[in-house]
Amino acid sequence: MNSLNDLKIGLALSGGATRGMAHLGALKALTENGIFPNAVAGTSIGALVATLYAFQVPLTTMYEHAKELNWLKVSNFTLSRTGLLTNKPIGELIEELIGDVNIEDAPIPLAIVTTDIATGEKVVLREGNAALAVMASTCVPGIFQPIELEGRLLVDGFILENVPITPLMDIQCDMIVAVNLSARKKYRVPDGLLDIVLNALDIAVDANMQKHLPGADILIEPDLFTIMEQEEIEEPYQAFYDEGFHTTMMRIKEIQMLINRYQRKKEPKLWRRFKRFFSPSTP
């Protein structure tokens with residue numbers, strides 16, 4: 001188990017809509033092996049999972065609620081010029097599980113990435129109402145009604161930082177593990193104007209995302225798009241979860257080695273000399 005007092009391990013959870021079940025699989029693999037991130041950042045569906053983790057909601061509870069989610073359960077129709085739907089049910093789910101709380105109340109430091117659609121700025125929320133922040137980060141522009149928060153008009157953070165690594169760099173995490181749910185994406189051959197627009201958005205978002213990925217010490221990239229192509233899979237949510245778990249398990253030894261390396265670096269020099277002096281000599 002990593003020592004929470006000695007090492008700050010940041011976990012970045014990307015956007016990815018229904019593929020977010022893979023985040024739960026990744027968390028399961030990490031915690032089963034005694035690796036407990038003590039700072040977390042999330043974008044879009046990653047913001048939802050990050051918030052629940054930061055407020056220490058059990059993974060089993062997250063899983064039971066996540067497998068029931070669909071578009072009908074996370075949205076309501078609204079009469080608005082800025083969106084066809086409202087994602088208020090997401091905020092209600094957050095409040096059901098953790099209460100009416102603020103981000104800064106979380107036992108584990110939490111950052112939620114959003115986009116100010118009026119200015120084009122990335123807005124990282126580290127305080128304020130948790131439910132509203134998650135609603136903002138999961139607010140797909142053009143579909144969901146933007147969230148007005150402190151004079152800003154906020155939408156999904158995936159536009160500017162889909163894998164939220166820089167918020168963890170900003171608080172000087174010793175190491176950062178990032179889970180990217182958009183790896184190995186395969187773009188559709190356009191079959192009309194809408195497909196062209198969607199492809200253009202995906203390409204722009206992915207190109208911007210690549211600029212941030214080198215900031216992670218460990219990058220976990222489950223192959224979720226292959227699963228989406230397999231029509232015979234009856235329960236894709238479980239397949240996403242399993243892929244997140246197995247892909248993370250394949251990196252556990254590497255993560256543990258990196259934790260040990262960083263812990264050694266943080267040890268005072270005098271203590272390292274003391275341990276070497278009293279440790280059994282090697283032949």
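1. Let's start with a strand pairing: β1 and strand β9 (residues 175-179) run parallel to each other and share 5 bridges. Strands count as paired here if DSSP finds at least two bridges between them. Helices (H or I, at least four residues) and strands (E, at least two) are DSSP runs, numbered from the N terminus. Within this pairing, G10 has I176 of β9 as its bridge partner.

2. A word on the source: this is a predicted model, in which local features need pLDDT of at least 70 and side-chain atom pairs count only at pLDDT 80 or more, while totals for chains, interfaces and linings use all residues. Residues are numbered from 1 along each chain as its sequence is written, and side-chain values use heavy atoms, with hydrogens and water left out.

3. β1 also pairs with strand β2 (residues 39-43), again in parallel, through 4 bridges. On this side, L11 has V40 of β2 as its bridge partner. Between β1 and β2 the chain passes through helix α1 (residues 21-32), giving a right-handed β-α-β crossover. Right-handed means that, with the strands pointing away from the viewer, the path from the first strand over the helix to the second runs clockwise.

4. How many residues of strand β1 are buried? The count is 5 of the 5 in residues 9-13, so β1 is largely enclosed by the rest of the structure. Buried stands for under 20% relative accessible area, exposed for over 50%, and partly exposed for values in between (1.4 Å probe, protein chains only). Cover comes on both faces: I9, L11 and L13 are buried on one side, and G10 and A12 on the other.

5. Next, please have a look at the aromatic rings, where the structure holds 1 pair. For reference, rings of Phe, Tyr and Trp (its six-membered ring) pair if their centres lie within 6.5 Å; planes under 30 degrees apart count as stacked, over 60 as edge-to-face and the rest as tilted. Because Y63 sits in helix α3 (residues 59-66) and Y241 in helix α10 (residues 236-249), the pair ties together parts 178 residues apart in sequence. Y63 is buried at 18% relative accessible area, and Y241 is buried at 16%.

6. The whole structure contains 6 salt bridges, each a side-chain nitrogen of Lys or Arg within 4 Å of a carboxyl oxygen of Asp or Glu. One of them joins R152 to D116 at 2.8 Å, N to O. With R152 in strand β8 (residues 152-156) and D116 in strand β5 (residues 110-116), this pair links parts 36 residues apart in sequence. R152 is partly exposed at 30% relative accessibility, whereas D116 is buried at 3%.

7. R152 has a salt bridge with E121 too, the closest N and O atoms being 3.1 Å apart. E121 belongs to strand β6 (residues 121-125), 31 residues from R152 in strand β8, and is partly exposed at 37%.

8. Which salt bridge does K122 form? Its partner is E161, with the closest N and O atoms 2.5 Å apart. K122 lies in strand β6 and E161 in the loop between β8 and α7 (166-170), so parts 39 residues apart in sequence are tied together. K122 is partly exposed at 35%, while E161 is buried at 0%. Finally, shared partners join D116, E121 and R152 into one salt-bridge network.
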